[in-house]
Number of protein chains: 2
Amino acid sequence: MSVHFRKLALIGIGLIGSSIALAAKRQGLVEVISIATRRQETLDEARELGLGDIYTLDPAEAVRGADLVILCAPVGAYADLARAIGPALEPGAILSDVGSVKRHVHEVVGPLVPEGVHFIPGHPMAGTEHSGPSAGFAELFTGRWCMLTPEPDVDRAAVDRLVAFWKGLGSNVELMDAAHHDLVVAITSHVPHLIAYNIVGTADDLGNVTKSEVIKFSAGGFRDFTRIAASDPVMWRDVFLTNRDAVMEMLGRFLEDLSVLQRAVRVGDGPALEALFTRTRAIRRSIIDAGQDSSAPDFGRPHEAPPAVDTGFVREHGGGDDA
Amino acid sequence: MSVHFRKLALIGIGLIGSSIALAAKRQGLVEVISIATRRQETLDEARELGLGDIYTLDPAEAVRGADLVILCAPVGAYADLARAIGPALEPGAILSDVGSVKRHVHEVVGPLVPEGVHFIPGHPMAGTEHSGPSAGFAELFTGRWCMLTPEPDVDRAAVDRLVAFWKGLGSNVELMDAAHHDLVVAITSHVPHLIAYNIVGTADDLGNVTKSEVIKFSAGGFRDFTRIAASDPVMWRDVFLTNRDAVMEMLGRFLEDLSVLQRAVRVGDGPALEALFTRTRAIRRSIIDAGQDSSAPDFGRPHEAPPAVDTGFVREHGGGDDA
């Protein structure tokens, strides 16, 4: 089994695409990287950053001769892209993607994949709130999980090669069914984003608390949600347009539980509140133990020392006298 | 106006109390710190950490001769504490606290404050998910906001002294009405905690997605919520027991907005989703511009380089040959 690819074609070069390019080059997993984008500015930016070897606005040209093609564009663009690249794909090539939903990708792209091309959709659970070609970094996938959702009849050797590629990028890899993937990410990613976007929207739109107060006093917890709610709007629009059923199911459960919690607050049920708040602490510890988050307090956010106290006071009190 | 205090009494020495102790000493704001705790183990831990000068299990003893007394215990303990320390408070002393709710504190503690003691409740919007005396650090308050909620008739010089003390700790200070404070923190802190606790509880309790999957794939957004949901259970129980009205109001607005968003997902209203997701991005920028969060991607979480690729592959392909 080979982890080395002759030509990697990245269709789209945002945060994920550029991170793949940087990591694949650094790790020696590919010889040549071709990059296709929709917009000239993005392509120019990728070229200036030196992310690849071939730059083009024509996705068909990018995939010609490639043995690994990864769609890194918003999921909403996949159908057009698949139609554009289909005829240019090499027999034996692997076609994959990094989209956050997988059933939809199978449905939309699957029928457009030519005979002899190995279609293995994928989803690396990694990212930051930044987007665009300059947001990428080679360490993004280290220790994170990438899910691959090939149909059962896909060539096993091709799957093994793609698994080895992602492991080469530093990722852990798990194979799963596309429908199950969509449920897993609905609770671990999509509903968290939905409620983060929602509370930030709510806070932006209050009459009795000003926006300036929300911003000043955001360190009480709110600011954590704003990071997620700063994620790429188009990518996330497409997520919710294409994973509706799973999101609705998980959102329904979240709302059921929230009704119970709301009632506990209303009736002042201290033991119920404390029991939930204790149970949730254990999950945080499991995530840290599993290497999926930092144990540093406050995510390791930097803290500056307080500035020296106004010298007026120090002089007044002679540096320690009784006031 | 003096920022120097003769004796600071901290009643309770968790994350906030210990951070005040460390910062006040480092900044030269106090001469002597006395620490009172409910439990002997906590007191021993504080002594081993060298957080103060006087250690006692008797809060009345701790406050004797103190010109600044700060309650740093869970809000649910305030009434008993106020009764215990009331007779021992010095005339002219300032009595403050760091509790996350303020109307309740005025109602419960206010009537128990002796004549001649300046009662100025406070709330520093700062913290981490860690708790206990060892969780504190002197930089916790730097650049964060502390809200003080004195009644209008409180001695202005005393308020000025407490403002100067918090500024000396590195904090920004804002004076506001207790009822308004409770609304502000309901949206910037309490409801965010409630929904974080709730979604972590939901994810802990699914039939069709395992706990192990939730943990492995938590980097998709979920793990951010687990940090908040790892906060001190007793402190947060008391928050929801004592700020019910404001929490219910803000939760109601959150739920109204969520219904609209849920409908947009259900009917596939792409423009509405994209509009919200674009609007929320601006708030993140404002928070960073206001110095209330780091601009580093992913809160500045550490990222490791991917491990060297399995040498088996490298040997097999001679370091770059066509596969």
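Modeller: Welcome! Two residues are in contact if their C-beta atoms, placed from the backbone, lie within 7 Å. The model is predicted, and that cut-off is applied to its coordinates.

Biologist: What share of the contacts in chain A with a separation of 6 or more comes from residues 24 or more positions apart?

Modeller: The share is 74%. Each of those pairs meets the 7 Å cut-off, because that is what counts as a contact.

Biologist: What makes a residue of chain A count as buried, and what percentage does?

Modeller: A residue needs 20 or more other C-beta atoms within 10 Å of its own. Of the 323 residues of chain A, 54% count as buried, so they reach that number.

Biologist: Which domains does the assignment give for chain A?

Modeller: Domain 1 covers 5-176 and domain 2 covers 181-296. Their C-alpha centres lie 30 Å apart.

Biologist: How many residues of domain 1 of chain A are in contact with domain 2 of chain A?

Modeller: In domain 1, 15 residues are in contact with 17 residues of domain 2. The domain 1 side has five nonpolar, seven polar and three charged residues.

Conventions
Residues are numbered from 1 along each chain as its sequence is written. Chains are lettered from A and ligands numbered from 1 in the order in which they are written. This is a predicted model: local features need pLDDT of at least 70, side-chain atom pairs count only at pLDDT 80 or more; totals for chains, interfaces and linings use all residues. Domain bounds come from an automatic or database domain assignment. Ala, Val, Leu, Ile, Met, Phe, Trp, Tyr, Cys and Pro count as nonpolar, Asp, Glu, Lys and Arg as charged, and the others, Gly among them, as polar. A residue is buried if 20 or more other C-beta atoms lie within 10 Å of its own, exposed if 12 or fewer, and partly exposed in between; C-beta atoms are placed from the backbone.
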